[in-house]
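Let's take a look at this protein together and see how a small molecule sits against it. Have the picture open as you read.

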Amino acid sequence: MKKIEIIIRPFKLDDVKMALTGLDIKGMTVTEVKGFGRQRGHKEVYRGAEYQVDFMPKVKVEVVVDDPLVKQVIDAVSNAARTGKVGDGKIFIIPVEDVVRIRTGETGQEAI
Ligand SMILES: Nc1ncnc2c1ncn2[C@@H]1O[C@H](COP(=O)(O)OP(=O)(O)OP(=O)(O)O)[C@@H](O)[C@H]1O
Ligand SMILES: [Mg+2]
């Protein structure tokens, strides 16, 4: 099992949601976040000069899936979230040790 943590541009959330709900995912968590990448929140990198770091509004989408679904999720999200410009976001793939479905007490893959 993997947790796929996806940081995207806020206006891409609907497209990403549609791409993901087209797959056999069992759930999704969405959070409004702020962050910066290589450009540190700026459109261009200024050589050597000291400058402020700006946090940019982003949306974080988290989905936990069984391993066979990971590639489909990455492909679908990448296509849905890409504009080709800096700041399109990132996908982090994190191993998940276990899952507990609180209502039923199921664990592991069945609990996803
Ligand atoms: N290494 C990182 N660790 C944690 N969060 C990150 C990291 N890189 C990017 N992010 C998050 O993803 C958002 C978008 O990052 P962004 O797409 O600008 O990455 P980048 O490496 O600068 O790529 P690009 O050059 O395409 O802009 C950031 O605002 C931040 O929230
Ligand atoms: Mg960037």
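A backbone N or O atom of Gly35 lies 3.1 Å from an oxygen atom of ligand 1. That's a polar contact, meaning a pair of N or O atoms within 3.5 Å. Here it is beside two others like it:

| Residue | Part of the residue | Distance to an oxygen atom of ligand 1 |
|---|---|---|
| Gly35 | backbone N or O atom | 3.1 Å |
| Arg38 | backbone N or O atom | 2.7 Å |
| Lys90 | side-chain N or O atom | 2.8 Å |

On its own, ligand 1 has 610 Å² of accessible area, and the protein covers 69% of that (areas by the Shrake-Rupley method with a 1.4 Å probe).

A quick word on the ground rules. This is a predicted model, where local features need pLDDT of at least 70 and side-chain atom pairs pLDDT 80 or more, while totals for chains, interfaces and linings use all residues. Residues are numbered from 1 along each chain as written, chains are lettered from A and ligands numbered from 1 in written order, and side-chain values use heavy atoms, without hydrogens and water.

Who else is around ligand 1? There are 13 residues around it, and Gly35, Arg38, Gly87, Gly89 and Lys90 come nearest (near means a heavy atom within 4 Å). The shell divides into four nonpolar, five polar and four charged residues, with Gly counted as polar and Asp, Glu, Lys and Arg as charged.

Now the whole fold: the protein has two helices and four strands, running β-α-β-β-α-β from the N terminus. The C-alpha trace spans about 55 × 25 × 20 Å along its principal axes.

Methods
A polar contact is a pair of N or O atoms within 3.5 Å; within protein, one must be able to donate a hydrogen and the other to accept it, and residues adjacent in sequence count only if both atoms are side-chain atoms.
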